[in-house]
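Have the sequence and the structure open as you read.

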Amino acid sequence: MGIPYPYIVEELADQLGGTPEHGNRNSFIFTMACHLRHVCNNDPQWIRSVLPNYGEAQDRVNATIESACRRNQSQITPLKVKTALTLARKRVNLEKGTDEASLMRQPMMPERLPAPVRLIVSKAPHGYWPAIANTTFGAFATYTGGVKAEFWNNTAMEMNQLHLLVAPMSIGKSSIKEPINHILQPIIERDKQARQREKEWAEETNTKGANKEKPERPKDICVQVVDSDMTNAAFCQRMEDAERAGNKALFTRMDEFEQLKKLAGGSMSEVTEILRRDFDADVYGQERVGTQSVKTRTTMRHNMVISTTPATAKRFLGVNIDNGTLSRFSMSTIVKEDVDHRPVFKRYDEAFDKKLAVYQARLENAKGLIVCPQAKKLALALLDRGEERSLMMGNESYRQLSYRAVEIAFRKSILLYIMNGMKWTKEIEDFVTWTFDYDLWVKMCLLGEEISTKLEQDYRIMRPGVACLLEQLGDSFARQEFEVLYKAQSGSVTDFKKASGNLLSQWKKRGWIEEDKDQQIFYKTEAYYQKHAA
């Protein structure tokens, strides 16, 4: 694993109470050997090569190690060994500059960008590039409704993108509007015609008397860029229209999470369901018995960009960590230090639109199932990258978030692959790798502590049985330490003093501990270590 054994031995010795005093060396060496069996292939010679003698005669050390390797013990790696490995790994990472603090610095965009990304950020100051580059994928994906791509595990997924831009007030979150509007402009123009036909139908319907036959709503109406203040019924109707028009996708840009409430019928629990189903391209709709009500169930093809402040994002996402809502968002931010004092933007002109039209056409012409071996290979590499970085950081929550972040990055890679004429490039690979790192960086900066806390709660809930009290205590312990743990584990005991005394007596009777009455310290015995797993 790239961890020097001296680091492991030093950290493990600290876990077991530090360098032993005279008279306690042999039992300490026995305990160390029992633990080191788990990382030395249960090999006495290997253990001898890494374990100091702590001032003990070497022949006695050798005999003690042989004895430790002969005894029966669990194959499960003890917590103290795992802790020692984690601490030793952190020392290595710190020396290499791959510790958590280093890894959680803001990832910098590659110098060479894929052509579509290079175009889309070209009119903005550099400090806004990460936000613009990431938020526009939802607009690009709106052209690819019904298109699927084969993931690394051979499952097929659609390109739906949910993006959250989290940045302080008055920093320039509106910088994403112009590039998104230009990407969607051809769709917006088509939507105008559809909205006009819908308006004419509504006016004709309203002019008919109560006893007159109402005209049927045209079946070929399709509006893709939908308003953020629509009702749930209108949302379901728009999705049905889009599916009937050829599995087209919708797009919504919102300025706050609160706007989702209306779309979900006023319920925040329904909001989280919509977001989860949306990312998964799941079936969604509403069933009503009224003849005038919207009754539909269709596949969700809906891309969304939401802008909000860190406080609002934490308030909404903080309670939706464990239901998959957070992990389904791609996230970006705008860093104050990266933004010019008075940023100046260039004009999004006709030349910009002309270049953009090439990519819009390629996206709209894409059909069926797309298989890109390089994108699948990159997805696997990103899975490894997430797991490796989690180990480097000693941070399990990073690994948990990385799995769906790979899916998000994969979808972006397919969109770039399509826009590049079905050709893979090193620029695509480097950029998508950056988006993966950047997405996780924003999530960990915003909610890292909350994610870790929630994860630890889940582990505590799922931890089987009651932990062995004696195993939780050190090789030597004071009665006060024992009583604190015992009280926490057996809070319902009526006569605590009597019960705790009885338990200590039982341990002494079985030969598991010895008491030094002068120092008021208990020691675990060699008999305990020989019988029980280290």
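Two strands pair if DSSP finds at least two bridges between them. Helices (H or I, at least four residues) and strands (E, at least two) are DSSP runs, numbered from the N terminus. This is a predicted model: local features need pLDDT of at least 70, side-chain atom pairs count only at pLDDT 80 or more, and totals for chains, interfaces and linings use all residues. Residues are numbered from 1 along each chain as its sequence is written, and side-chain values use heavy atoms, without hydrogens and water.

**The sheet**

- Three strands make an open, antiparallel sheet, ordered E10-E12-E11.
- E10 (476-478) and E11 (513-516) are the edge strands, each pairing on one side only.
- Neighbouring strands are turned by 30° against each other on average, direction ignored; axes are lines fitted to C-alpha atoms, for helices over the stretch in contact, and angles run from 0 to 180 degrees between N-to-C directions.
- Three bridges join E10 to E12 (residues 521-524).
- Ser476 has Tyr523 of E12 as its bridge partner.
- Helix H20 (residues 496-509) packs on the sheet and touches E10, E11 and E12; contact means heavy atoms within 4.5 Å.
- The direction of H20 makes about 110° with that of E11.

**Helix H14**

- H14 (residues 350-365) has 16 residues and should span 22 Å at 1.5 Å a residue; its end C-alpha atoms are 22 Å apart, which agrees. The expected span is 1.5 Å times one less than the number of residues.
- Phe352, Leu356, Tyr359, Gln360 and Leu363 of H14 are buried, meaning under 20% relative accessible area (1.4 Å probe, protein chains only).
- Cover for these buried residues includes helices H7 (115-120), H8 (129-141), H9 (177-207) and H16 (396-419).

Key. Buried < 20%, exposed > 50% of the residue type's maximum accessible area, 1.4 Å probe, protein only.
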